[in-house]
Amino acid sequence: MWSVHNLFSHSCSRKKAFQITKSFLPILEWLPNYRVKEWLVSDIISGVSTGLVATLQGLAYALLVAVPVGYGLYSAFFPILTYFFLGTSRHISVGPFPVVSLMVGSVVMSMAPDDNFLIGGSNATGTNGTEILIDTDSRDAQRVLIASTLTFLVGILQVVFGVLQIGFIVRYLADPLVGGFTTAAAFQVLVSQLKIVLNVSTKNYNGVLSIIYTLIETFENIGSTNIADLIAGLLTIFVCMVVKEINDRFKHKIPIPIPIEVIVTIVATGISYAADLEKKYNAGIVKSIPRGFLPPEPPDVSMFSQMIAASFSIAIVAYAIAVSVGKVYATKYDYAINGNQEFIAFGISNIFSGAFSCFVATTALSRTAVQESTGGKTQVAGIISAGIVLIAIVALGKLLEPLQKSVLAAVVIANLKGMFMQVFDVPRLWRQNKVDAMIWVFTCIASIILGLDLGLLAGLLFGLLTVVLRVQFPSWGGFGNIPGTDIYKKVKDYKNAVEPEGVKILKFSSPIFYANIDGLKSSLKSTVGFDAVRVYNKRLKALRKIQKLIKKGKLKATKNGIISEPGVSNEAFETDEEPEDNEDLQVPTKEVEIQVDWNSELPVKVNIPKVPIHSLILDFGAVTFLDIVAVRSIKTIIREFERIDVKVYFASYQDNLISQLERSAFFDDTVRKDMFFLTVHDAVLYIRNQMAYSDNQDPIFEKISLMQESKEPIEFTETIQPADELDVQEEAMRRLAS
């Protein structure tokens, strides 16, 4: 029996271990189920097509990172190898992406500017006295080291995020924010590649307004444009965009998209080699592409402190782009992506790639679209595309050396079309949600002006601020009943909604906490049409004046109300602005109960706001939580309305609120649980029932006890005053409050 139990436990532990292994290595999940006959041919065709595009994009995006173009090939090859085993998306093409490449490039340029590599440490010039001599070999080596070190650090951060299970962080990058950010990045990429298309030299600007400075200097030096490079670049942009449009429009008729970047590159390389454009027209060409692989190198850990802030934003952006693209295809093909595993997959890919002089990998939208549209079913297509890049690294590098850099820059620009088209989302966003449109525009402008890293942070903070403001100033309104139903709608929006007589209903559509409690109080005043505290204070002021006049004999208090002495002119009509007399009044020993109709004209000139309601219902259907400040404030609100004889009720509350209120010591003799109703209609029916069976006393009238001295006999009751009896004014206030 023991051995069977032991065997069962051993089997369970093995199964659990295998499940954990499969979650870390998703390839164990999908590869055993790979349909060779159905999928292999499609994956091979897709892999070859994607590999050709990846080769060209790797070369082109290396220009954004400011490293020799050959390193772009490494960045298009190594990340795929690890993602093949660790990734959960079957369709994304892993490798460089222009936005991320530009962010890496901004760090590289700021840490290794040209000025640090002037020959001899001085502004040595060429024979013509115009060219600054730069030690390009040392500069390029340093930039490659910075890029690979940054990639290594980004990988570490991504792995940490994945292990800590904080893939949810990407949720704070809302679609409008990502749209504005990527559009701004596309503009930054365009400006950075414009000088390469024109073959115009400029300083390396970084930080705030760097894009403006680069544009200004580019146009200042536009007279030195190389015509051969300009023509090649413009032709490449035109041809690529036209063919991409054809691919888009006729994608149902064309089985495989035309790999126009590859065709243009081959043709441009042939023309450059045949016409010897470098020597005859001084065209800027690739010149040298390393053949084969470089040995792995460790990162320079001493640089971590200088790039930690930038690496954080790059890690998040790279992950967000990859996951958002991956989810599109996962939804289309009905499978799931594990966000935390994607963090780990890209993190390990970047750590591995960083050791081989690569720059940060994510996915490119255009490359992924090629992989999916050409029939790619799994990451087998990705590994085959890596094989095509491998051939280029090992054998074809030499053949691409005559290629003009302006052609590569033009390929980058042509691939920005999709990101620029996002501008047309703004009018639609404005119609649908103005706040989202503002987030888009703000993030775009901030990223253009401040740079991508600060711009992303500014956009993120602005987005969070809009959330805070929407919670702090939520929608609210007075509700009324749709006749003949138990449905209640906003009176402002529905003309046939009728407010129950003597009842106001307020719905506050937000959690209530310290930041928006003033908004609740303000909305209450607007809904009921008066300030409960002001009404109470005005009534007390009127009472004080009535008491003075009763004492002087100018008014009499009876059970039926307050009347003036016959034949005595009433001097009670005093201005509201009269200074209050806080002098203690003598406390008589006799009292009489009278009624004051606060909505009628009083014999004292005090402007007392009318209170046309007897009940207030707070609809808490949209209130998900209350903090301690809100609980105390709501309790105060109840007491403020109760003392002017307005009952407060709560409706449509969520279940967790009652337990939360109990923990906050909300309930007492005044605030009871029978004030809470499941629906607004239940509360209204209860109020009607209470009014129907009341003793027909108008709730607007208040019973107050007033002390008076009179010569005429009045029915009264003796009261034994305690030793510490309050004065008349305070006694009136106490009784009114009760």
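Start with helix α7 (175-198), which gives the most to the lining of the largest cavity, with four residues. Helices here are DSSP runs (H or I) of at least four residues, and strands are runs (E) of at least two, both numbered from the N terminus. What you have open is a predicted model, where local features need pLDDT of at least 70, side-chain atom pairs count only at pLDDT 80 or more, and totals for chains, interfaces and linings use all residues. Residues are numbered from 1 along each chain as its sequence is written, and side-chain values use heavy atoms, leaving out hydrogens and water.

**Stop 1: the cavity**

Now select Leu173, Leu177, Val178, Phe181, Thr182, Val317, Ala320, Ile321 and Leu456, which line the largest cavity. A cavity is a set of points, on a 1 Å grid over the protein atoms alone, where a 1.4 Å probe fits but cannot get out; lining residues have an atom within 4 Å of a point. About 60 Å³ of space lies inside, counted as the space filled by probe spheres set on the points, which are joined across faces, edges and corners. Colour the lining by class and you will find eight nonpolar residues, one polar and no charged. Nonpolar means Ala, Val, Leu, Ile, Met, Phe, Trp, Tyr, Cys and Pro; charged means Asp, Glu, Lys and Arg; the others, Gly among them, are polar.

**Stop 2: two packed helices**

Next, show α5 (residues 98-111) beside α12 (304-332), which also supplies at least two residues of the cavity lining. How far apart are the axes of α5 and α12? They are 9 Å apart, at an angle of about 170°. Axes are lines fitted to C-alpha atoms, for helices over the stretch in contact, and angles run from 0 to 180 degrees between N-to-C directions. The pair is therefore roughly antiparallel (angles over 145 degrees). Among the residues that meet are Val99 and Met103 in α5, and Met307 and Val317 in α12; contact means heavy atoms within 4.5 Å.

**Stop 3: the sheet**

Move on to six strands in an open, mixed sheet, ordered β4-β3-β5-β9-β10-β11. Strands pair if DSSP finds at least two bridges between them. At the edges, β4 (488-490) and β11 (676-677) each pair on one side only. Select β5 (residues 503-508) and β9 (residues 615-619): they run parallel, joined by five bridges.

Finish with helix α23 (residues 628-642), which lies across β9 and β10 (647-651), at about 140° to β10.

Conventions: On a 1 Å grid over the protein atoms alone, a cavity is a set of points where a 1.4 Å probe fits but cannot get out, and a pocket is an open set with protein on both sides within 12 Å along at least five of seven lines; lining residues have an atom within 4 Å of a point. Angles under 35 degrees count as roughly parallel, over 145 as roughly antiparallel, 65 to 115 as roughly perpendicular and the rest as oblique.
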